[in-house]
Amino acid sequence: MTAASQSSPVPGAGDHAAAASAAFNAALEVIAAVEPRIAEATRAELADQRGSLKLIASENYASPAVLLTMGSWFSDKYAEGTVGHRFYAGCQNVDTVESLAAEHARELFGAPYAYVQPHSGIDANLVAFWSILAHRIESPALEKHAVKNVNELSEADWEELRHEFGNQRMLGMSLDAGGHLTHGFRPNISGKMFHQRSYGTDPETGLLDYDRVAAAAREFRPLVLIAGYSAYPRRVNFAKMREIADEVGATLMVDMAHFAGLVAGKVFTGDEDPVPFAHITTSTTHKSLRGPRGGLVLAQQEYADSVDRGCPMVLGGPLSHVMAAKAVAFAEARRPSFADYAQRIADNAQSLAEGFMSRGAKLVTDGTDNHLVLLDVSSFGLTGRQAESALLDAGVVTNRNSVPADRNGAWYTSGIRFGTPALTTRGFGKDEFDTVAELVVDVLSNTTPGTNKAGAPSKATYALADGVADRTKAISAELLDKHPLYPGIDLS
Ligand code: PLP
């Protein structure tokens, strides 16, 4: 690896692009011999990704090394259990892979313990919930009854313990303030397992108000205090969150699924780095962290044993091919060029936010200091659903999102969430993001809400003025051509 390829913003733009190109072409030829439609869909997906302005805050483009690592015979191996302690024979190579991925994760985040088996962010959170229940509820109960595991409990003691498992409390950020479904909301198992209460943001500023979080924690006394978000455009002070957790005897769990790349790249340091403050930190590996689709749990040592029991407690057998790709992605994230990438994610989000505000658009919290921007599209007279569809017509891929106290509910919403990690990977800089803001404002200013069949105002239909989609696509195409995705990879 040369210095030039290490500092390249675009994974795959290094010395090995020709080899990667040959590898993808060879793979598609082999796949096409069995099911050509899958090979075709795979080619089409690359063409779509290359040809659109991807602004979905949770997506990115993994490097060819990460993508190629997943296509291996590790996919064929069962390896339930943990390194050196498997329920299947012949796991020595999986042990190598899992140990390396965990070691890179520990080094990358400065964490005492790392568990790299979760298949996704939701699964990582399930492992964390289980681990907290095991550490805080099960272990003391076993100690009280002087037994080693639950099978040794009498029926009556087991019933009592089951009752306790099901009667714990969780406090997390509300959905319309930017929290995630897995933080105790009813459509997710967490909302069925735990009694849940949520904390919102200040109604005036949209900012997290730690005094309100503390007041809610004192009143509710949760077992689990969750920090972390999917759509909050600001940094969080995790030292303060830990103080609140300690005061009420809660376990602090931080879900850094969205901003793990900014932690890895040392954009979030000190009180903004969750890892030293949280008892358990969970993450995805595929968003700003730019790895394969997957999950990760980091923990303080006292939670390590219970986290380790994630499989088979709540997880199926580990995806060893994905753990291998996590090791590769974490190794990439440990390079100096990743810190540069992470800083550019944040700088570009600033530029996007300023681009919106200077053109009169309203942002939740009036700005951003992380990787995402939440645009309140009610100022354009639109719902999130209408705005999302009009933008897609113009080749701008985003997703609609609730804003605090959203009047349009969780389906239609009043917001559009934008993220900078993916286009930053392509090499977009501040000027390009200012142009993106200009394009978005142009599309939304030229979109009018429609009516339903009865002639009443609709939250879904809309009309985009003639010519706007074409002119947006033409300008986007220039930007995308200037910053090609996977340069050097040419599918024949
Ligand atoms: N946690 C947060 C904060 C998220 O934003 C997401 C995904 O959107 C998840 C967890 C779930 O991740 P996954 O889709 O990998 O299960």
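Guide: Domain bounds here come from an automatic or database domain assignment, and the model they are applied to is a predicted one.

Visitor: Where does the second largest pocket lie, and why?
Guide: The lining of this pocket draws residues from domain 1 (74–333) and also from domain 2 (336–482). Because both domains give residues to that lining, the second largest pocket lies between domain 1 and domain 2.

Visitor: Which residues lie nearest the centre of the second largest pocket?
Guide: Helix H6 (121–144), strand E13 (399–401) and helix H17 (409–412) are the elements that give two or more residues to its lining. That lining counts 29 residues in total, and those nearest the centre are Gly-179, His-180, Leu-181, Ser-230 and Asn-401.

Visitor: How many residues in the lining of the second largest pocket are polar?
Guide: The pocket holds about 620 Å³ of space. Sorted by class, its lining has nine nonpolar and five charged residues, while the number of polar residues is 15.

Visitor: Which helix supplies the largest share of the lining of the largest pocket?
Guide: At least two lining residues come from each of helix H2 (17–32), helix H3 (36–51) and helix H4 (64–69). The largest share, five residues, is supplied by H3.

Note on methods: Residues are numbered from 1 along each chain as its sequence is written. This is a predicted model: local features need pLDDT of at least 70, side-chain atom pairs count only at pLDDT 80 or more; totals for chains, interfaces and linings use all residues. Side-chain values use heavy atoms; hydrogens and water are left out. Helices (H or I, at least four residues) and strands (E, at least two) are DSSP runs, numbered from the N terminus. On a 1 Å grid over the protein atoms alone, a cavity is a set of points where a 1.4 Å probe fits but cannot get out, and a pocket is an open set with protein on both sides within 12 Å along at least five of seven lines; lining residues have an atom within 4 Å of a point. Grid points are joined across faces, edges and corners, and a volume is the space filled by probe spheres set on the points. Ala, Val, Leu, Ile, Met, Phe, Trp, Tyr, Cys and Pro count as nonpolar, Asp, Glu, Lys and Arg as charged, and the others, Gly among them, as polar.
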